[in-house]
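This report covers strand pairing and a domain interface, taken in that order.

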Amino acid sequence: MKVLLWVLTLLFTTFFPAGAAPGDRHIVIETQRTALVIRVDQAGDPTIVHLGPRLQRTDEYAGVPENGKRGEDYTTIYNSAYTPAGGRNLLEPAIQAIHADGNPSLDLKYVRHETRNEADGVVLTTVFLKDPQYPFEVSLFYKAYQKEDVIEQWSSIRHSEKKPVRLQKYASANLYLPAQRYYLTNFSGDWAREMNPQEVELTAGLKVLDTKLGTRAHLFQPPSFLLSLNRPAEEETGEVVAGTLAWSGNFQLQFEVDPLKNLRVIAGINPYASEYTLAPGKELVTPALIFSYSNMGKGAVSRNLHRWARKHRIPQGEGNRLTLLNNWEATYFDFNEEKLSALFKDGKKLGVDLFLLDDGWFGNKYPRNDDHTSLGDWEENKQKLPHGIGYLVKEAESAGIRFGIWLEPEMVSPKSELYEKHPDWVLKLPNRPEYYFRNQLVLDLTNPKVQDFVYGVVDNLLTKNPTLSYIKWDCNAVIYNAFSATNPNQQHLYVEYVQGLYKVLERVRAKYPTLPLMLCSGGGGRVDYGALKYFTEFWPSDNTDGLERVFIQWNYSYFFPAIATCNHVTDWGKQPIKFRTDVAMMGKMGYDIVVSKLEEKELAFSQEALKTYARLKDVIWKGDLFRLASPLTGDVASLLYVTEQQDRAVWFSYLVGNRYREGSQAPIRLKGLSPAKRYKVQELNIFPGTNSPINRNPVVLSGDYLMTVGFNPMVDARRASVVLEVTEER
Ligand code: GLA
């Protein structure tokens, strides 16, 4: 008998080594290097037992111990793949519902799952769950991008109960990570000081990152985070997850260190003031959490996200972008046809592709001469522009550059004809005084008529001016006094606003698939991969001070690729034009300066820089980014973009401190090159009249040497910014 027992135990532990029990099944979601594994036990509960490096043998996932739990999980679902509230759950739920009969509980049992190839290297796994007591179903979607090591996860909820079900929470994703310690980096800010990172060690309990602003929703907090396991995040080593929610409205990211010291992550739409009433037969599809895991640090996860975004998300992510001259800081609201025509010529002289006419071109009853009036009245101001936009487009084109325009179509000024005609299109409370953000109010995009209007603004402009080549889509206000005059369900307002916005953008994209669109929100008030499905690029900040931008762009670069990051050379800050230009080159470059006021050498430098940029832009936009030296921890910031073929690289270094003798006093080690290749290092963007000590003694060095010993870009107070081209010598 004893022997039999022993044999049985041995057999059992061989097939179900540590965690799994007989009958458990495993749903394995894999990319090239990573895996997310869901275990479904005999009770039908789906739990996450692995999120990390992929195992070579799929059958060994069955041996993964019960999610590294260190102690007793009273509920057995601390690590639920989608934690339902109201039953035996004791922790933060992913979903909370009140059924048609008033019952406030949910249980979600595995029904089945399916896996299909969506495209080359894109595998979608869907896990179907159902409540045994109610006709209430949840599907969990995991889209795995093999080559990029990125997983996109979302959920959908539906039911066929007799009456509507009230959803009090409806997250997109629910993850579980066991480690000794957890370090969370989030990014906070405000206008002109976006994306300031803070890294904290998570302690027992709940840490919540969220926004309740409605529109311009990411002003204080974007939906992007870094999570590092066991030690603070490092650039090229350590286990890091980069996550970002593809949602342009209120979001909530929750990080809970549970009683077993494991980390639960729940991400989705913010349930704040947003109880969602789901009618029978209808489906609520949540936005996706996009995340990448790597055991090679922040560098690897951000390169994964960049590659994913270029290939799978951003329109023309692997295509071209236009350099431009913007008139905002050159003229503000004060311009006319003559002034603009002169600026077109200036743009041409400078060498950009396009002229972008900013705010102030519209409104007649209330002309837009400052930011107090006219939003909503999208007709050319006859005094400033008597011949209309069509004339300007032609003028620009005959000067040899294309024409683009600024719009803020979701907004309305209290002083506008639109407001007078359609007060019920405006979000505001009927019984409270209006309260403004940048002197304006937000239109009710939950109303289909307003959606038609907003779409019409864009469509009319493009129909009348088919060669219009660029739109900057701004969004400068948050939602105060959230209330819709027409929506029967006020609790749906925040969610349906964003859905309404996406509907409009879908229509715009369906008709104008290749139009370059800039996502702007008074700077970086709206930067997320929900919107970047439609926009070719985003405006990180109105702060274009070169020094500030080193930091702002550095922090956005964890999540967003250079090709989508608009950087303009302006007059902000104290840095010389060379510094500002070098910084702007690390992305999609543009200008917002008075060209005619440039000194001769400055103009010559800028013209040359644009030519250099045309030659290098593909390396910067489509190459892999290696952050070599951080401005947050040292006095030099250094970043390198390397082509996939490892034959070309562009290397930017900046002085960010100004204490005595600060600079790059030692070599900086490069990354991402091929050790066997030999590279020539040459300085670019040399300001007229200055010399490059690097070009004086040109060097050819192996990738091995450059990555092991490094190279000193010789950054110091006299050479505060240095751009080097690293080219394979064949
Ligand atoms: C916002 C944008 C700026 C500019 C102004 C115009 O602040 O971020 O770039 O377009 O609006 O009013």
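In this predicted model, strands β21 (residues 354-357) and β22 (residues 402-407) pair in the parallel sense over four bridges. Strands here are DSSP runs (E, at least two residues) and helices are DSSP runs (H or I, at least four residues), both numbered from the N terminus; two strands pair if DSSP finds at least two bridges between them. Phenylalanine 355 stands opposite phenylalanine 403 in β22.

Both strands belong to an open sheet of eight strands with parallel pairing, ordered β27-β26-β25-β22-β21-β20-β29-β28. The edge strands β27 (537-538) and β28 (566-570) each have a single partner strand, so one side of each is left without a neighbour in the sheet.

The model counts local features at pLDDT of at least 70 and side-chain atom pairs at pLDDT 80 or more, while totals for chains, interfaces and linings use all residues. Residues are numbered from 1 along each chain as its sequence is written, and side-chain values use heavy atoms, without hydrogens and water.

The protein is divided into domain 1 (2-313) and domain 2 (625-728), with bounds from an automatic or database domain assignment. The table lists values for this domain pair.

| Quantity, domain 1 and domain 2 | Value |
|---|---|
| Distance between C-alpha centres | 40 Å |
| Buried area (accessible area, 1.4 Å probe, lost on being put together, summed over both) | about 600 Å² |
| Salt bridges (Lys or Arg side-chain nitrogen within 4 Å of an Asp or Glu carboxyl oxygen) | two salt bridges |

Carbon and sulfur atoms give 49% of the buried area. Glu235, Glu236 and Arg303 supply 58% of the area that domain 1 buries against domain 2, more than any other three residues. Nine residues of domain 1 are in contact (heavy atoms within 4.5 Å) with six residues of domain 2. Lysine 671 forms a salt bridge with glutamate 236, with the closest N and O atoms 3.8 Å apart. Helix α2 (residues 297-313) provides the largest share, six residues, of the side of domain 1 that touches domain 2.

Terms used: Buried area = accessible area lost by both parts, 1.4 Å probe.
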